[in-house]
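User: I would like to go through some of the labels used for this model and the grounds for each.

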Amino acid sequence: MKFIINSLLFSKQIQSISGVISNNNTVPIINCFLFHLDEGMLTIRATDLETTLVTKIEVETAHMEGLQDIAVPSKLLIDILKSLDDVPLTFSVDDATFGINITSGEGKYRLAGKNPETFPNMPEARDTATIIMPSSAMINAVSKTSFAASTDEMRPQMGGIFCEIGSENTTFVATDAHKLVRYRRNDITSDNPVSFILPRKPITMLKSILASHKEDFDVKVEYNNVNVFFTFDNFYIICRLVDGKYPNYDAAIPKENPNKLTLDRLSFLNILRRVALFANHASHQVRLSIQENELMLSAEDIEFSNDAHEKMRCHYEGEPMEIGFNAKFLAEMVQNIDTEQILIEMSHPSRAGIIFPITGEEGGNEDILMLVMPVMLAN
């Protein structure tokens with residue numbers, strides 16, 4: 001095997017899939033990339049056994065004699081590419097020893113490759129159903145939900161993003177029992193309703209790859225009972241689904257919320273961040289005191305004798321009330337909304353607050369709901 005390739009383009013493609021390779025793999029071969037050369041096209045594969053990322057790149061010159069596959073040490077290759085300028089690279093592989101020679105101008109480097117036959121096989125897309133999803137929808141779905149997923153390794157189901165594909169819409173949900181986000185798309189449907197849990201790490205990597213493209217494009221999503229397969233551009237991504245049953249998230253969303261608070265999003269976020277600086281560093285508790293057209297945000301840390309109070313104008317429908325929230329959780333939600341104004345619906349200081357973006361548009365394809373649990377206020 002021998003080929004010539006542009007170093008910058010090659011480095012970009014390598015970097016895009018390298019995140020799946022862990023630093024503490026117990027199986028040495030998966031510390032490598034698998035290269036496959038075929039008719040001027042180089043296919044590069046990386047895996048952690050749960051997730052597989054594949055990308056393709058055209059090479060400038062290819063000689064097909066000898067091996068067509070080689071396992072290449074990932075860390076050393078990435079480090080070499082980071083330090084190179086925009087130059088042509090020549091790769092040649094010794095069929096007998098699996099040694100890899102890289103030539104760059106006056107530089108010559110030799111890597112110890114590995115037998116490609118020991119590299120794990122890629123799962124096949126068998127008995128799958130398919131939907132087509134705009135890349136912008138996938139980016140938004142992951143961006144708006146992933147921050148709310150649990151980091152508790154004892155509850156792996158809640159560490160993923162729940163995907164529910166139906167005949168009327170597709171819903172993405174993430175929760176850690178303190179906060180919950182439901183992101184719904186009315187323009188993505190299927191005649192065969194199904195639900196599954198997407199693992200957060202590979203889905204976040206998918207979002208990053210999609211976001212690196214400037215234009216919007218279609219993503220082919222295939223799924224069965226074990227894996228989900230994403231195909232777009234020169235990428236192919238396979239994720240093993242999270243086993244288990246997702247909690248009944250709908251039951252956690254209060255249906256009757258007569259107290260409605262409308263706010264300028266950025267003004268509220270900036271005040272919340274300032275006041276939160278004075279909150280107790282363990283509880284992050286802020287108090288919202290609401291009446292008619294005025295909202296008072298306050299926080300205190302008794303241990304250090306710190307406190308803060310700040311007012312802002314608002315529009316409020318309902319009985320005057322005081323409710324406490326974790327400022328960190330509340331700020332995360334507000335900063336992940338794009339609209340100028342937000343609506344917070346509440347029923348009682350002991351029940352969850354529901355946050356909606358105010359879009360001013362009818363019939364939009366996005367439907368976002370964010371839930372944050374209250375904290376008990378100290379009198």
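User: Why is Glu322 called partly exposed?

Analyst: The model is predicted, so local features need pLDDT of at least 70 and side-chain atom pairs count only at pLDDT 80 or more, while totals for chains, interfaces and linings use all residues. Residues are numbered from 1 along each chain as its sequence is written, and side-chain values use heavy atoms, with hydrogens and water left out. Buried means under 20% relative accessible area, exposed over 50%, and partly exposed in between (1.4 Å probe, protein chains only). Glu322 has 38% relative accessibility, so Glu322 counts as partly exposed.

User: What makes Arg287 buried?

Analyst: Its relative accessible area is 19%, so Arg287 is buried.

User: How do you know that Arg287 forms a salt bridge with Glu322?

Analyst: A salt bridge needs a side-chain nitrogen of Lys or Arg within 4 Å of a carboxyl oxygen of Asp or Glu. The closest N and O atoms of Arg287 and Glu322 are 2.9 Å apart, so the pair meets the definition.

User: Which salt bridge partners does Arg185 have?

Analyst: Arg185 meets Asp187 at 2.9 Å, N to O, and Glu366 at 3.5 Å. Arg185 lies in strand E13 (residues 179-185) and Glu366 in strand E26 (residues 366-372), so this pair ties together parts 181 residues apart in sequence. Strands (E, at least two residues) are DSSP runs, numbered from the N terminus.

User: Are Arg185 and Asp187 buried or partly exposed?

Analyst: Arg185 is buried because its relative accessible area is 8%; Asp187, with 35%, is partly exposed.

Conventions
Helix = DSSP H or I, 4+ residues; strand = E, 2+ residues; numbered from the N terminus.
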